[in-house]
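Student: I'd like to learn how to read a protein structure, one feature at a time. Can we go through one together?

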Amino acid sequence: MHRREFIAALAASPLAFSCGRQPEAQTSGLKLSITCDMFRGNQRGLPVDTLDGKDPRPDPDVSYTADEGLALARSHGYEGFEMFDWRNGEERAAYAAARRKHALEAVCITANKGVRAPGCGLTDPAEREGFLAEIESASAVAKEFDCHRLVVLTGFEREGVPRAEQMASCVEGLRAAVPILENAGMTIVVEPINTIVTRPGYFLAGAREGFEMLKRVDSPHVKLLFDIYHVQTTDGDLILQIQDNIDWIGHFQIGDHPGRMQPGTGEINYRNVFRTIHELQQAGRFGGYAGLEYHPSVTLPRTMAEVRQLANFS
């Protein structure tokens, strides 16, 4: 049986959909999501961060349609998906249909245009109008998907401009977005990206500086995207940072360090990190998701199953 035939059969299987109903959502562990870039095969945009610079995937040519990808996610007990390209009308329509069919949550979409955020970054006050326009547009699309989180990228450093001035611009831009967010019922999650391996020149590289930024903005509608891979690369001290700042965290993303591959390939003790998040979840202090965003050295179905098990707690 070919891969797509297998996925289609799985989606229609009585084992997965007894009496035509969706399987029960996973309640014994973290709520898991997967970034749609992991379905794209060779069209993926996620940088390769392995030590040798080679794509570690055993099947890099394999891609999944929106329907196939969300069927796969549902079959492994995932509750959400994230970061599809909403600016692409065909992809947007495909994920809208697949979301309805497989009853998964659209967890977050990217608000401003990519990592460099051309014309809509936060570090330059001259781009403020462009940034706010993107927040407006993304909020409208997010509402269509019943999505409530917008990923925001700060953009790159401005050469020759003091860092404090750029930070002030970020704070002012985020504050200016708060009325839009309040009206739309949205939360921004600002993403730090490490500059050591992945994005040299990106402005917000670490979670510690990110939390300081958010405290200056001081809004429940502006939080941090705590990408565990990026934070380990830049800051380390994962568990204490999570425990001390959980009220400022709106979303987690998953990847091991070094290499940005699946949990278990690097130095991060993911079972302990997941347990920390789960305990905060059980205490009512975090109700969000952890999303897969990496290049696995095993097949996508295998790594999804392994992470689901790793993130389960009874």
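Student: Let's start with cysteines: how far is the sulfur of Cys-147 from the closest cysteine sulfur, and in which residue is that sulfur?

Tutor: First, the background. This is a predicted model, where local features need pLDDT of at least 70 and side-chain atom pairs count only at pLDDT 80 or more, while totals for chains, interfaces and linings use all residues. Residues are numbered from 1 along each chain as its sequence is written, and side-chain values use heavy atoms, with hydrogens and water left out. Now the general idea: a disulfide is a covalent bond between the sulfur atoms of two cysteines. The test here is a pair of cysteine sulfur atoms within 2.5 Å. For Cys-147 the closest cysteine sulfur belongs to Cys-108 and is 6.4 Å away, which is too far for a bond.

Student: How many disulfides turn up in the whole structure?

Tutor: A search of the whole structure finds zero. Cys-170 is in no disulfide either, as its nearest cysteine sulfur, in Cys-120, is 13 Å away.

Student: Are Cys-147 and Cys-170 buried or exposed?

Tutor: Go by relative accessible area: under 20% is buried, over 50% is exposed, and in between is partly exposed (1.4 Å probe, protein chains only). Cys-147 is buried at 1%, and Cys-170 is buried at 0%.

Student: Where is Cys-170 found?

Tutor: Look in helix 5, residues 163-184. Helices (H or I, at least four residues) and strands (E, at least two) are DSSP runs, numbered from the N terminus. For a sense of distance, the C-alpha atoms of Cys-170 and Val-48 are separated by 28 Å, and these residues are 122 apart along the chain.

Student: On to rings. How many aromatic pairs does the structure hold?

Tutor: Rings of Phe, Tyr and Trp (its six-membered ring) pair if their centres lie within 6.5 Å; planes under 30 degrees apart are stacked, over 60 edge-to-face, and the rest tilted. By that test the structure holds nine aromatic pairs. One of them joins Phe-84 and Phe-145, a tilted pair at 4.7 Å centre to centre with 40° between the planes.

Student: Which parts does that pair tie together?

Tutor: Phe-84 lies in the loop between strand 2 (80-82) and helix 3, and Phe-145 in the loop between helix 4 (128-144) and strand 4 (149-152), so the pair links parts that are 61 residues apart in sequence. Both Phe-84 and Phe-145 are buried. They also belong to one aromatic cluster with Phe-81 and Tyr-95.

Student: Which ring does Arg-116 lie over?

Tutor: A charge sits over a ring if NZ of Lys or CZ of Arg is within 6 Å of the ring centre and within 35 degrees of the ring normal. Arg-116 lies over the face of Phe-156, at 3.9 Å from the ring centre. Arg-163 does this with Phe-203, at 4.0 Å.

Student: Which residues lie nearest the centre of the largest cavity?

Tutor: Met-38, Arg-57, Asp-59, Pro-296 and Leu-300 do, out of 14 lining residues. The volume of this cavity is about 120 Å³.

Student: Last one, the backbone. Where is the cis peptide bond?

Tutor: The bond joins His-257 and Pro-258, with omega about -5°. Pro-258 is in the loop between strand 7 (249-254) and helix 9 (270-282). Check Ala-103 too: its phi is near 55°, a positive value in a residue other than glycine. Ala-103 sits in the loop between helix 3 and strand 3 (105-110), and at 41% relative accessibility it counts as partly exposed.

Definitions and conventions:
1 Å grid on protein atoms, 1.4 Å probe; cavity = no way out; pocket = protein on both sides within 12 Å on 5 of 7 lines; lining within 4 Å. Points joined across faces, edges and corners; volume = space filled by probe spheres on them.
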